[in-house]
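Trainee: Hello! Could you walk me through this structure, one step at a time?

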Amino acid sequence: MNLIPRTLLAGLALLALVACGTESAKDRGRAAVESRGGTPAAIPAPPKKKPLDGLPGMPPVLDPKDVYAADRPNKLSPVVKDFPSRVYVPNTESDTVSVIDPKTYEITETIPVGRQPQHVVPSWDLKTLWVNNNRGHTLTPIDPKTGKAGKPVEVHDPYNLYFTPNGKYAVVMASLDRELVFRDPHTMKRIRTEPVSCYGVNHADFSLDGRYFIVSCEFSGELLKVDTERMKVVGQQKLPFDGAMPQDVKVSPDGKRFYVADMMAHGMWVLDGDKFTEPTLLPTGKGCHGLYVSRDSREMYVSNRGEGTVSVFDFRKNRLTKKWHLPDGGSPDMGGVSADGKVLWLSGRYDAEVYAIDTRTGEQLARIPVGSGPHGLAVYPQPGRYSLGHTGIFR
């Protein structure tokens with residue numbers, strides 16, 4: 001009988017141990033079941049995340065933790081990628097729109113429009129810019145591809161303009177008429193009018209799921225909660241500050257809070273939109289007015305019109321981290337962020353000028369003279385799949 005060398009036996013034993021060590025628990029479990037004559041149990045699939053129950057017809061939310069996920073630097077929609085980059089400035093007292101080339105900081109054109117233009121608003125489908133001629137009771141369409149104005153459309157008291165997240169309706173903020181007017185987003189034909197008891201409806205933003213929006217009432221110091229699909233006011237409250245004058249409204253990236261600028265309380269109201277309970281005040285600066293989210297969704301730029309400053313709010317830290325002062329002061333009002341996220345553009349409401357501010361350093365890059373009373377300035381195009389209105393709220 002031939003003897004097997006000890007070295008060979010040791011090698012075979014080591015091989016067996018290695019083989020046992022590499023067998024997965026799943027394989028051993030399957031072998032044990034099969035040895036008993038059974039069938040291996042199915043491995044359960046990971047549970048699927050429940051989709052967000054959004055407003056019917058609204059494009060799916062890209063990231064439930066960041067409503068601004070589509071607004072990353074230079075992430076332009078195919079609809080707008082060939083449009084020239086411009087800054088459109090409505091001059092309320094000059095009845096014109098100044099058009100600025102952001103590369104040269106020069107005015108390339110001055111467009112005559114109707115009486116008292118308040119805001120330049122990108123349409124839901126991104127194809128049109130609507131100039132809100134408040135006292136002229138018209139909307140002037142501008143083709144952002146050519147920069148040419150079209151025939152004005154009659155719309156009464158169009159102080160501001162929004163679009164429902166599904167693109168089904170335009171919503172006119174009829175400030176002095178005390179109405180929210182739901183219209184066809186293309187023809188602007190009136191579809192439904194929702195009278196309001198507050199005074200001075202002016203700014204708004206929509207919830208993460210698009211099912212409701214919060215509206216500020218400037219002259220009566222109130223907030224409204226509106227059911228988007230029903231087109232009905234479902235909540236109303238008076239702000240807890242004597243003489244409150246709410247302005248711009250912006251939802252947090254995670255959709256859990258709304259921020260409402262208040263130019264008389266000199267800060268932002270922080271509101272739980274779902275519960276619609278009493279908000280708390282976060283002081284920012286005198287004449288707090290406009291709210292603009294950075295391209296990475298980490299910060300929000302807050303214009304303080306009464307003191308010529310911009311406060312920077314950090315969403316994650318939940319506090320103000322910086323304050324930028326405009327050289328020689330100014331009256332920073334409404335505006336927007338450049339497509340690459342590097343420049344904040346704001347109108348100088350009482351100084352007939354526009355400010356370009358570096359978002360990394362707070363340095364003023366340019367101060368451009370425009371017409372009288374510049375207000376709801378729009379930077380266009382900007383990243384995003386569709387527009388909710390105002391000077392550019394994109395999703």
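Here are some questions and answers about strands, hairpins and a pocket in this predicted model.

Trainee: Is strand S14 mostly covered or uncovered, and how many of its residues are buried?
Mentor: Look at residues 212-217, which make up S14. On one side sit Tyr212, Ile214 and Ser216, and on the other Phe213, Val215 and Cys217; all of these are buried. Both faces of S14 are therefore covered, as buried means under 20% relative accessible area. The strand is mostly covered, and its buried residues number 6 of 6.

Trainee: Which residue in the turn between S13 and S14 has a positive phi?
Mentor: Strand S13 (residues 201-206) runs antiparallel to S14, and 5 bridges join the two. They form a hairpin with 5 residues between them. In that turn, the positive phi is about 75°, and the residue that has it is Gly210.

Trainee: And on to S15: which residue takes a positive phi in the hairpin of S14 and S15?
Mentor: Strand S15 covers residues 222-227 and is joined to S14 by 6 bridges, again in the antiparallel sense. This hairpin has 4 residues between the strands. The positive phi there is near 65°, and it belongs to Gly221.

Trainee: What is the order of the strands in the open sheet of 4 strands?
Mentor: Start from the edges: S21 (288-293) and S24 (319-325) each pair on one side only. Strand S23 (residues 309-314) pairs with S24 over 6 bridges in the antiparallel sense. One of the residue pairs there is Val310 with its bridge partner Trp324 in S24. The pairing in the sheet is antiparallel, and the order is S21-S22-S23-S24.

Trainee: How much does that sheet twist on average from one strand to the next?
Mentor: Picture stepping across the sheet in the order S21-S22-S23-S24. From one strand to the next, the twist averages 25°.

Trainee: What is the volume of the largest pocket?
Mentor: Its lining has 13 residues, and nearest the centre of the largest pocket lie Ser85, Pro102, Lys103, Ser338 and Asp340. By class, the lining has 8 nonpolar, 3 polar and 2 charged residues. The volume of the largest pocket is about 270 Å³.

Definitions and conventions. Residues are numbered from 1 along each chain as its sequence is written. This is a predicted model: local features need pLDDT of at least 70, side-chain atom pairs count only at pLDDT 80 or more; totals for chains, interfaces and linings use all residues. Side-chain values use heavy atoms; hydrogens and water are left out. Two strands pair if DSSP finds at least two bridges between them. Axes are lines fitted to C-alpha atoms, for helices over the stretch in contact, and angles run from 0 to 180 degrees between N-to-C directions. On a 1 Å grid over the protein atoms alone, a cavity is a set of points where a 1.4 Å probe fits but cannot get out, and a pocket is an open set with protein on both sides within 12 Å along at least five of seven lines; lining residues have an atom within 4 Å of a point. Grid points are joined across faces, edges and corners, and a volume is the space filled by probe spheres set on the points. Ala, Val, Leu, Ile, Met, Phe, Trp, Tyr, Cys and Pro count as nonpolar, Asp, Glu, Lys and Arg as charged, and the others, Gly among them, as polar. Buried means under 20% relative accessible area, exposed over 50%, partly exposed in between (1.4 Å probe, protein chains only).
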